[in-house]
Amino acid sequence: MLPAHPDSDTTPVSALPPPLFPSIPQHLRTLAFIDLETTGLDASRHEVLEVAILRVDARSLKVLAEYEARVKPTRLADADPKALAVCGYSDAEWRNALPLEEALATVTPLLAGTLVAGHNTSFDWGFLTEGYRRTELALPGVDYHRLDTASLAWPLLATGEVESLSLNALAKRFGLHRPTPHRAMADARCALEVARCLAVRMARGGHMERLMEESGGVS
């Protein structure tokens, strides 16, 4: 778990009364926080470089299982050099990376039966579904909803509490330290921490009206 900054008003997950959300329906009681690093932004042309998943109990927001792997690219000629630089890609660092099919085979049971979550979830899910298509593996059965921390945090943007919905902006707002941004597991953990912080605010009555009241309203 990412440590909270000393000046943060964040309540650690250990301080939350378990279970935090006991009334969640059975089929939505497991979340899968995902994050991928890729060779570019176009899932039809670019590839997965790194994958991370946290299988989480939706009632307590505690991690049940986790997995991360570097994935061996096969079409580096198509890669965006800026994306490779952001991800810290090098031939030496990715020397022992797994084939995409092997990584996805391990990810599949962790995704099965979950509500997929993360930050800008549609981007990562798009690359995952394209990866399953390319490898001809069966896509895991997941709930048709997606939980996106960027969308959940929209009231903070609307009321001027944050300047953007980026993961970095939200981490900064909640005093979360990000030692290795743009690494899959670090970003998956950060998205989970942001979800925990937002859940605490909502549990305290921090809905849109409360957020507007705290920030002085929308001018």
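Predicted model: local features only at pLDDT ≥ 70, side-chain atom pairs only at ≥ 80, totals over all residues.
Let me begin with Trp94, which is buried, its relative accessible area being 3%, where buried means under 20% relative accessible area, exposed over 50% and partly exposed in between, with a 1.4 Å probe and protein chains only. Residues are numbered from 1 along each chain as its sequence is written, and side-chain values use heavy atoms, with hydrogens and water left out.

What lies over the face of Trp94? It is Arg70, at 4.5 Å from the ring centre; the criterion for a charge over a ring is that NZ of Lys or CZ of Arg is within 6 Å of the ring centre and within 35 degrees of the ring normal.

Tyr89, at 18% relative accessibility, counts as buried. Phe123 and Phe127 form a tilted pair as well, with 5.0 Å from centre to centre and 50° between the planes.

Both Phe123 and Phe127 belong to helix α3, residues 121-135, and they are four residues apart, about one turn of the helix; helices here are DSSP runs of H or I with at least four residues, strands are runs of E with at least two, and both are numbered from the N terminus. An α-helix has 3.6 residues a turn, so residues three or four places apart point the same way.

Staying with α3, its 15 residues reach 21 Å from the first C-alpha to the last, close to the 21 Å expected at 1.5 Å a residue, the expected span being 1.5 Å times one less than the number of residues. Among its buried residues are Trp125, Leu128 and Tyr132, and what covers the buried residues includes β1, β2, α2, β4 and β5, with contact taken as heavy atoms within 4.5 Å. Just after the helix, Glu136 takes a positive phi of about 60°.

Now to the strands around this helix. In β4, residues 115-118, Leu115 and Ala117 point one way and Val116 and Gly118 the other, and all are buried. Strand β1 pairs with β4 in the parallel sense over three bridges, where pairing requires that DSSP finds at least two bridges between the strands, and Ala117 in β4 is the bridge partner of Phe33. β4 and β5 likewise pair in the parallel sense over three bridges, and Asp148 in β5 is the bridge partner of Gly118.

Which hand does the unit made by β4, α3 and β5 have? These elements make a right-handed β-α-β unit, meaning that, with the strands pointing away from the viewer, the path from the first strand over the helix to the second runs clockwise.

Notes: Phe/Tyr/Trp six-rings, centres within 6.5 Å; stacked < 30°, edge-to-face > 60°.
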